[in-house]
Amino acid sequence: MSEKKTLEFDWQFGQEDVSLRVASYMNNNSLYVGLICRTEYGLELFGDMTVNLPVSDMVPLKSNEAYINGDMSESLLAFIQKNKLGTVLPEVGYSGYGQYAKVALAAESRACRIVLRTMAR
């Protein structure tokens, strides 16, 4: 039996089946997570789960930590909690007038293991 490689993402316009794309930002190697969906044209980027904020050298991010995109932050945080993808941390990041929630991705979660195994292929 094959494992389901998509997760349901609920947002203001309905529900999408998405997969996670895990990578890193080129300039600072911080964690990047994107949401990928299948359309009539094939796989497409649905949106970025994380944002790349300038990080102080005094308080660097751990390898499993990231700031959540402010465009859909409520939906993204609910998605993370619903699928047990990680933990919302008390710290927040700032850029301009924006405030961004910080999360720690749980690499041991079932959903993350599926994503990481899929990416390794």
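Predicted model: local features only at pLDDT ≥ 70, side-chain atom pairs only at ≥ 80, totals over all residues.
Residues are numbered from 1 along each chain as its sequence is written, and side-chain values use heavy atoms, with hydrogens and water left out.

**The sheet**

- An open sheet is built from 4 strands in the order S1-S2-S3-S4, with antiparallel pairing; two strands pair if DSSP finds at least two bridges between them.
- Strand S1 (7-11) and strand S4 (42-48) stand at the edges with a single partner strand each, so one side of each has no neighbour in the sheet.
- From one strand to the next, the twist averages 50°.
- Helix H1 (residues 73-82) packs on this sheet and touches S1, S2, S3 and S4 (contact means heavy atoms within 4.5 Å).
- The direction of H1 makes about 150° with that of S1; axes are lines fitted to C-alpha atoms, for helices over the stretch in contact, and angles run from 0 to 180 degrees between N-to-C directions.

**Strand S3 and its partners**

- Strand S2 (residues 14-24) runs antiparallel to strand S3 (residues 31-39), and 7 bridges join them.
- Along this pairing, Ala23 stands opposite Tyr32, and Ser24 has Leu31 as its bridge partner.
- On to S4, S3 pairs in the antiparallel sense over 6 bridges, and the two form a hairpin with 2 residues between them.
- Thr39 has Gly42 in S4 as its bridge partner.
- Of the 9 residues of S3, 7 are buried, so the strand is largely enclosed by the rest of the structure. Buried means under 20% relative accessible area, exposed over 50%, and partly exposed in between (1.4 Å probe, protein chains only).

**Nonpolar cores**

- The largest nonpolar core has 21 residues, and Phe9, Leu35, Met49 and Phe79 have the most contacts inside it. Such a core is a set of buried Ala, Val, Leu, Ile, Met, Phe, Trp, Tyr and Cys residues joined through side-chain atoms within 4.5 Å.
- Two or more residues come from each of S1, S2, S3, strand S6 (65-68), H1 and strand S8 (98-105).
- Leaving aside residues up to four places away in sequence, Met49 touches residues including Leu20, Leu35, Tyr67, Leu76 and Phe79.
- A second, separate core of 5 residues includes Val51, Leu61, Tyr67 and Tyr100.

**Salt bridges**

- The whole structure holds 3 salt bridges, each a side-chain nitrogen of Lys or Arg within 4 Å of a carboxyl oxygen of Asp or Glu.
- Lys82 bonds this way with Glu8, their closest N and O atoms being 3.9 Å apart; Lys82 is in helix H1 and Glu8 in strand S1, 74 residues apart.
- Lys82 also forms a salt bridge with Asp10 (3.3 Å, N to O), so parts 72 residues apart in sequence are tied together.
- Lys102 and Glu65 form a salt bridge, with the closest N and O atoms 3.3 Å apart; Lys102 in strand S8 and Glu65 in strand S6 are 37 residues apart.
- Both Lys102 and Glu65 are buried.
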